Amino acid sequence: MRSRKSSKPEQVPLAWDAPGLLAGVDEAGRGPLAGPVVAAAVILDELHPIKGLADSKVLTPLRRERLHDEILAKALCCSIAVASVDEIDTHNILQATMLAMRRAVQGLRLRPSKVLVDGNRLPALDVLAEAIVKGDARVKAISAASILAKVHRDRLCLSLHDEFPQYGFATHKGYGTPEHLAALRQHGACIHHRRSFSPVAQALQIAAVPDVVVQVESTLPTRIAMPLDRLTP
């Protein structure tokens with residue numbers, strides 16, 4: 001009988017493992033207000049170990065870049081996939097993340113016997129799979145996938161910055177920093193912003209309301225913002 005002290009679901013490991021190739025899967029970019037979500041799948045080569053693999057978030061950008069290149073050079077195979085901003089807004093970020101993960105696994109040149117996915121949810125796969133909470137810090141193949149996904153997405157954000165420098169994508173990578181939110185209020189949203197995310201939706205709503213000058217008796221003109229259809233003729 002489950003203890004009443006905790007209502008959190010327990011993670012139960014699979015009772016058996018299939019022999020063969022093991023793939024690690026992770027994503028980058030669930031939280032930002034702009035840009036796609038990126039997933040990577042990696043099958044490491046036991047004969048060519050890679051030192052220093054860890055959760056991408058605890059590594060410096062320079063270390064991530066170096067490990068990224070080493071992973072591509074030494075792994076048996078790798079695959080990187082994305083789910084677009086349109087897919088995020090259509091399906092929600094969770095389902096878009098699962099979609100990117102599934103695409104990453106399907107893109108592997110070699111078919112794994114088992115897939116280990118960071119987190120507590122699994123995409124729909126036609127291969128044995130297991131979700132590993134904090135797997136990016138516990139499983140080397142997932143660590144490698146987290147590094148590939150993070151570096152790939154950061155590079156995408158540099159491209160977004162070249163296209164729309166006013167938002168500062170090169171610095172905040174699409175996350176909702178004060179600078180990014182200020183740019184949203186000033187410039188509105190661009191085509192790469194996720195309109196289903198509330199800060200972006202609020203920025204679009206504010207941008208849609210025109211400023212109107214209303215003359216009030218015995219006072220100076222007062223500048224207020226309100227929809228035109230609410231003003232009496």
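Cys 77 is buried in this predicted model, with a relative accessible area of 5%; buried here means under 20% relative accessible area, exposed over 50%, and partly exposed in between, with a 1.4 Å probe and protein chains only. Cys 190 is likewise buried, and its relative accessible area is 5%. Cys 77 takes part in no disulfide, a disulfide being a pair of cysteine sulfur atoms within 2.5 Å. The nearest cysteine sulfur to that of Cys 77 belongs to Cys 78 and is 6.7 Å away. A search of the whole structure finds zero disulfides.

Residues are numbered from 1 along each chain as its sequence is written, and side-chain values use heavy atoms, with hydrogens and water left out. Since the model is a predicted one, local features need pLDDT of at least 70 and side-chain atom pairs count only at pLDDT 80 or more, while totals for chains, interfaces and linings use all residues.

Turning to the chain as a whole, the protein has eight helices and seven strands; these are DSSP runs numbered from the N terminus, with helices (H or I) of at least four residues and strands (E) of at least two. Of its 233 residues, 42% count as buried. The accessible surface comes to about 13700 Å², and 55% of it belongs to carbon and sulfur atoms; such areas come from the Shrake-Rupley method with a 1.4 Å probe, and for residues only the protein chains shown count as cover. Among contacts (heavy atoms within 4.5 Å) with a separation of 6 or more, 60% are between residues 24 or more positions apart.

Next comes the sheet. Five strands form an open sheet with mixed pairing, in the order S3-S2-S1-S4-S5; two strands pair if DSSP finds at least two bridges between them. S3 and S5 stand at the edges with a single partner strand each, so one side of each is left without a neighbour in the sheet. Neighbouring strands are turned against each other by 20 degrees on average, direction ignored. Axes are lines fitted to C-alpha atoms, for helices over the stretch in contact, and angles run from 0 to 180 degrees between N-to-C directions.

Within this sheet, S1 and S2 pair in the antiparallel sense over five bridges, and Ala 28 stands opposite Val 38 in S2. Helix H5 (residues 140-163) packs on the sheet and touches S1, S2, S3, S4 and S5; the direction of H5 makes about 35 degrees with that of S1. S4 and S5, by contrast, run parallel and are joined by five bridges, with Lys 114 opposite Leu 128 in S5. Strand S5 (residues 128-132) is mostly covered, four of its five residues being buried.

Ala 141 lies in helix H5 and counts as buried at 7% relative accessibility. Leaving aside neighbours within four places in sequence, Ala 141 is in contact with Ala 23, Gly 24, Val 42 and Leu 44. The C-alpha atoms of Ala 141 and Val 42 are separated by 6.0 Å, although the two residues are 99 residues apart along the chain.

In soluble globular proteins, nonpolar side chains tend to be buried together. A nonpolar core is a set of buried Ala, Val, Leu, Ile, Met, Phe, Trp, Tyr and Cys residues joined through side-chain atoms within 4.5 Å. The largest such core has 29 residues, and Val 25, Val 37 and Val 115 have the most contacts inside it. At least two residues of this core come from each of strand S1 (22-28), strand S2 (37-43), strand S3 (77-83), helix H3 (93-106), strand S4 (114-118) and helix H8 (198-208). H3 gives the most, with eight residues. Apart from this core lies another, of 16 residues, among them Ala 28, Val 38, Leu 67 and Ala 145. Beyond its neighbours within four places in sequence, Val 115 is in contact with residues including Ala 23, Val 25, Val 105 and Leu 125.

Asn 92, in the loop between helix H2 (85-91) and H3, has a positive phi of about 90 degrees although it is not a glycine. Asn 92 counts as partly exposed at 38% relative accessibility. Lys 173, also not a glycine, has a positive phi of about 55 degrees and sits in the loop between helix H6 (169-172) and helix H7 (178-187). At 17% relative accessibility, Lys 173 counts as buried.
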